[in-house]
Amino acid sequence: MPEVTPETPPETTRSPAAPLPEQAPVQRELTQADIDRQIARERQAYEKDLAGGAEPRHHPPRDYAPYRSSILRHPTQPPVAIDTRLDPEAVELSSPAFGRTDVTELDSDLTRQHQGEPLGERITVSGRLLDRDGRPVRGQLIELWQANASGRYAHQRDQHPAPLDPNFTGVGRVLTGDDGSYSFTTVKPGAYPWRNHANAWRPAHIHFSLFGTAFTQRLVTQMYFPGDPLFAYDPILQSVTDEAARARLVAAYDHDLSRPEWSLGYRWDIVLDGPAATWIEEGR
Amino acid sequence: MSPQTPPTPPTPSHTIGPFYGYALPFPGGPDAAPHAHPDTITVHGRVLDGAGAPVPDALLEFWGPDAEGQLPQQGGSLRRDPVTGGFLGRNGVDFTGFVRVATDADGHWAIRTLRPGARGGHAPHLSVCVFARGLTHHLFTRVYVPNGDPASAAADPLLAALPPERRTTLIATPGPHATHRFDLRLQGPDETVFLEFS
């Protein structure tokens, strides 16, 4: 995109209190309308490919100009394919293991990690970790991190003028159960501004890191909350150009998971991509 | 999986973003080698973007076998302190095969792990997974650690299939004191070979 000149890393220098800081005069700062046009172009190109018979694309392209930080950080050569059916000894068909020494009981409750209670709307996020055959991924590590209820991360480089919460760090870990289940208690994170373009705001989200039974299934992603009005404006969510795939990043509000006088419940199942050793045995 | 059952569509990937630093790195993450293990090696390098600038906010993970080529199924990478909830570090005895390291402000990283043993017909290597702000979907690659046997590298199915100028992007350069240099170039003329598994 010729109109895009990466200068400072857009996400690491979020606007301080006053208007946007002075920068070396480059080009006109990109507006939301500029980004909207780029998002629309990318989506139209994808839908044209689909209409032409292309397979649905589950993951975002690495070259996605509306998310400006991708411009210098995506490979231009196509990835080299490794067919694991021909290579059952591939290291990537197995996964690191985690166990009881790696997680404490309090790790899954982000509201109990400090002396006091964090501010915000108390929620639970529960679901199952599955492979693409729908089988549970058992005993594996899920890590999550998030901004606090005001939209601020406990990270020195986040200078968004929203308050830090001394009772909230925003880090959780859990090992999945025998049915692949997991559950976290936390507070709903706030939306926050970032420096991708003028007036850029991220919808509220929780970052997730997941391991499968094979290293090929490794996944880092973000979970969103239903009905967020910021979805359409966010180039990170829109980097997933397939509408059905985007919908899989949005948790469902589940009233049966809400606890009276205590917390609101969200359900989010996670499906890991990529081959695993057991697929090979079954496929032969 | 029967051919009639379409696989469940996967959850899409997203960028790791800039603020994972208080959540994912952990004390002892870069140091997987048991204390004083004779097969300990250091692998280090930089992560560079398409302009050759350092990437100061990348997270790398390594997964690989022990010196005998065996893949551990051993927890304890993130060993925790039940008193404080903090991290104890690894126990110095067990090898988990899992390494996690964040780049520094100069895009540099260094890990200490066991020299990987050969497995199957492969030359010795570690699997690498790269995450970064700006990277919408992680990248897989491999770092091959030369073991002094040119026949081993020549027989490796991945290395053998690559043109020579691209093959070299996957092979670490030995240095003094069992160090090995491995730079990752996300984009550009010397772009690292990245992998896709099916």
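Predicted model: local features only at pLDDT ≥ 70, side-chain atom pairs only at ≥ 80, totals over all residues.
**Chain A overall**

Chain A has 284 residues, and 53% of them count as buried. Its secondary structure consists of four helices and twelve strands. When contacts between residues at least 6 apart in sequence are taken, 73% of those in chain A link residues at least 24 apart.

**Annotated spans**

An unreviewed UniProt entry carries the annotation "domain: Intradiol ring-cleavage dioxygenases" for residues 125-153 of chain A. In the model this span is 0% helix and 41% strand, with its end C-alpha atoms 19 Å apart. For chain B, the UniProt annotation "domain: Intradiol ring-cleavage dioxygenases", from an unreviewed entry, covers residues 40-120. That stretch of chain B is 0% helix and 33% strand, and 22 Å separates its end C-alpha atoms.

**Two buried residues of chain A**

A:Pro189 sits in the loop that joins strand S5 (181-187) to strand S6 (192-194) of chain A. A:Pro189 counts as buried because its relative accessibility is 5%, and the cut-off is under 20%. Leaving aside residues up to four places away in sequence, A:Pro189 touches A:Gln146, A:Ala147, A:Asn148 and A:Ala149, and also A:Ala204, A:His205, A:Ile206 and A:Phe225. A:Trp268 is 79 residues from A:Pro189 along the chain, and the two C-alpha atoms are 16 Å apart.

A:Trp194 belongs to strand S6 of chain A. With a relative accessibility of 3%, A:Trp194 is buried. The C-alpha atoms of A:Trp194 and A:His160 are 8.4 Å apart, while 34 residues separate the pair in sequence.

Most residues other than glycine have a negative phi. A:Asn199 has a positive phi, near 60°. This residue is placed in the loop between S6 and strand S7 (200-202) of chain A. In chain B, B:Ala178 is not a glycine either, and its phi is positive at about 60°. B:Ala178 lies in the loop from strand S7 (173-174) to strand S8 (179-181) of chain B. A:Asn199 is exposed because its relative accessible area of 59% is over 50%. B:Ala178, at 32%, is partly exposed.

| Residue | Relative accessible area | Class |
|---|---|---|
| A:Pro189 | 5% | buried |
| A:Trp194 | 3% | buried |
| A:Asn199 | 59% | exposed |
| B:Ala178 | 32% | partly exposed |

**The second largest pocket**

The second largest pocket holds about 370 Å³ of space. It is lined by 19 residues, of which A:Asp107, A:Gln113, A:Arg173, B:Arg80 and B:Gly85 are the closest to the centre. The lining is made up of seven nonpolar, seven polar and five charged residues. Among the residues closest to the centre, A:Asp107, A:Arg173 and B:Arg80 count as charged, because Asp and Arg fall in that class.

Conventions
Residues numbered from 1 in each chain as written. Chains lettered and ligands numbered in written order. Heavy atoms only, no water. UniProt positions renumbered as here; feature names shortened; annotations may be inferred. 1 Å grid on protein atoms, 1.4 Å probe; cavity = no way out; pocket = protein on both sides within 12 Å on 5 of 7 lines; lining within 4 Å. Points joined across faces, edges and corners; volume = space filled by probe spheres on them. Buried < 20%, exposed > 50% of the residue type's maximum accessible area, 1.4 Å probe, protein only. Contact = heavy atoms within 4.5 Å.
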